[in-house]
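Subject: Handing over the structure

Dear colleague,

I am passing on to you the structure below, together with some notes to read beside it. Please look through the sequence first and then return to the text.

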Amino acid sequence: MDFIAKYMPNVVANWEGEYGFVGAIQQTLYMTFISAIVSGILGLAVGLLVVVTDKDGIAPNRVIYSITDKLINLFRSIPFIILLAVIGPLTKLIVGTTIGENGALVPLIIGCFPFYARQVQNALVQVDPGVIEAAKAMGETNLGIVFHVYLKEGLPDLIRASVLTIISLIGLTAMAGAVGAGGLGSLAINVGYQRFENDVTILATIFVLILVFVVQAVGDLITRKVSH
Amino acid sequence: MGEPIIKLDDIVVDFKTKDQDLLAVNHVDLTVEKGDIYGIVGYSGAGKSTLVRVINLLQRPTSGAVQVNGQNILSLNDAELRQARKKIGMIFQHFNLLNSLTIEQNVAFPLRTSKLSKSEKKKKVDELLELVGLADKKDNYPRQLSGGQKQRVGIARALANDPDILISDEATSALDPKTTESILNLLRDINEKLGLTIVLITHQMEAVKQVCNRVAVMDSGEVVERGEILDIFAKPQHPLTKAFIDTTTRLDATLKVIYQQENVKNLPASDKLIKLSYVGDSTDEPLISTLYEKFNVSANILYGNIEILRGTPLGNLIVILTGAASDTEAALAFINGQDVQVTELDPKAQSEVID
């Protein structure tokens, strides 16, 4: 404790409370967790929609495919820091506020799910078309093919894509933090950087890194478990 | 036998894109009888894969009629089509197994929606794995299996719903010759044991020779020749058929070597270089010795090849007839009178393709 008190005096001063490290870690985990779940569901659905309606998909539909595909591109093209500001009114409508960790959820989800949808698409097009054809030849329904072939055969790639997305989501929470969302990003910028309390910035960074490593390690573990 | 189980009428499959119009299947009729093993042979791009995909409507024809098991497949709705597909098993060149499932789960996959109870399904899967000789591999994953073993799993999976028809799409093309033979033998076994009708597409005439009763030869979306395997091998008409048969007899390559031999190069005008082809026990008398006794013509056999197709011998001999000019002519006329096909060969036309 003495060591920390000596070399990281500002960390000790900023440890507890809503605006301290304890609160920041909780907020980052909260934002990451909720947006990961919601973006995960949305991204998976949209990604599947694109794969299925593609001209080589199991239910080709040019109109749905091109609209979805263009929307994904559109949302992915808006820089996140601008997206935060642009969709302010929408955020206010949905969660009632544009600040704090709840205010960050809407932009995080909108910033993240198109990215994940593209990752899902990339993962699922890797599924051997021959296996899809075999399933069709066996009299499988389209829904059966989605759940029992695409999602099952694509699982290792989907998990890799999810890890990548969660890690980039942690990055986004930090960025959202800089404009009032709270969390480790907010602590690092608003306290560490702007008050020249470098030890706070460094420790906040270390916590973010630990979070990323844990996500990566868990992802790798699961991938290894489901790959045969 | 005799009753048609697959009837394709005037099938056209036209892949139209912006830049080109590819006629993959061009007005093809095809009838396969119940219990038959029907081969469709052709080079890649000939349209054979597209044609067989019309049978289970993995490929919808641009025009034409498709009857399978007495059902007009084109008139079925989605649910009925899925039901019909369960009765048409299919195996593939690259096996197309689910890598995320064990062998047992792969074979059980088509039974997912079946009405069988859990224990009946398990019994069925065990029987199928027993049939293809992979009972001990059921908990393995496809990646741990060899190509031949994977194809056996593919066959077991294709048989899960007790189909009437099995479509084999280049199923042995990715396998080595020995494995190919064992897979073909398995198909023949299944055909005999279960009375299953098999449609086998391949570019290997060797495979056709081994298992098929009938064969159709396809080129550029058309069937150029078809018939009983023995007729096709004995008297091929189309150049492509001849080329395919040559891949199994290697007669062409043999001839090239023979044409290089000194005695053939310097063949006296009175002598004749001929090819004799016969099916079954064509001649009542021993032909070669008769030539000598009756015509005083000696026959020097340069090359001989006899194969047994569906229990019937099929022979090719390359022979030099030596004797006086009038005698060899008379001998030729005599052979022609027998049930033996005679082709005179000209050693000087080195590039000649034998028929």
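Please bear in mind that this is a predicted model. Between its two chains, 18 residues of chain A are in contact with 21 residues of chain B. The area buried between chain A and chain B comes to about 1800 Å², and carbon and sulfur atoms give 57% of that area.

Across this interface two salt bridges are found, and one of them is the pair B:Arg112 and A:Glu140, whose side chains meet at 2.3 Å, N to O. Six residue pairs are in polar contact across the interface of chain A and chain B, both residues being at pLDDT 80 or more. On the side of chain A that touches chain B, the elements that give two or more residues are α8 (129-137) and α9 (142-153) of chain A, and α8(A) gives the most, with seven residues.

Turning to the strands of chain B, β1 (residues 4-16) pairs with β4 (residues 63-68) in the antiparallel sense over five bridges, and B:Ile6 has B:Val68 in β4(B) as its bridge partner. β4(B) is also joined by two bridges to β5 (residues 71-72) of chain B, and these two run antiparallel, with B:Gln67 standing opposite B:Asn72 in β5(B). Together β4(B) and β5(B) form a hairpin with two residues between them, and in the turn B:Asn69 has a positive phi of about 55 degrees.

With best regards

Technical notes:
Residues numbered from 1 in each chain as written. Chains lettered and ligands numbered in written order. Predicted model: local features only at pLDDT ≥ 70, side-chain atom pairs only at ≥ 80, totals over all residues. Heavy atoms only, no water. Contact = heavy atoms within 4.5 Å. Buried area = accessible area lost by both parts, 1.4 Å probe. Salt bridge = Lys/Arg side-chain N within 4 Å of Asp/Glu carboxyl O. Polar contact = N/O pair within 3.5 Å; in protein donor to acceptor, adjacent residues only side chain to side chain. Helix = DSSP H or I, 4+ residues; strand = E, 2+ residues; numbered from the N terminus. Pairing = 2+ DSSP bridges.
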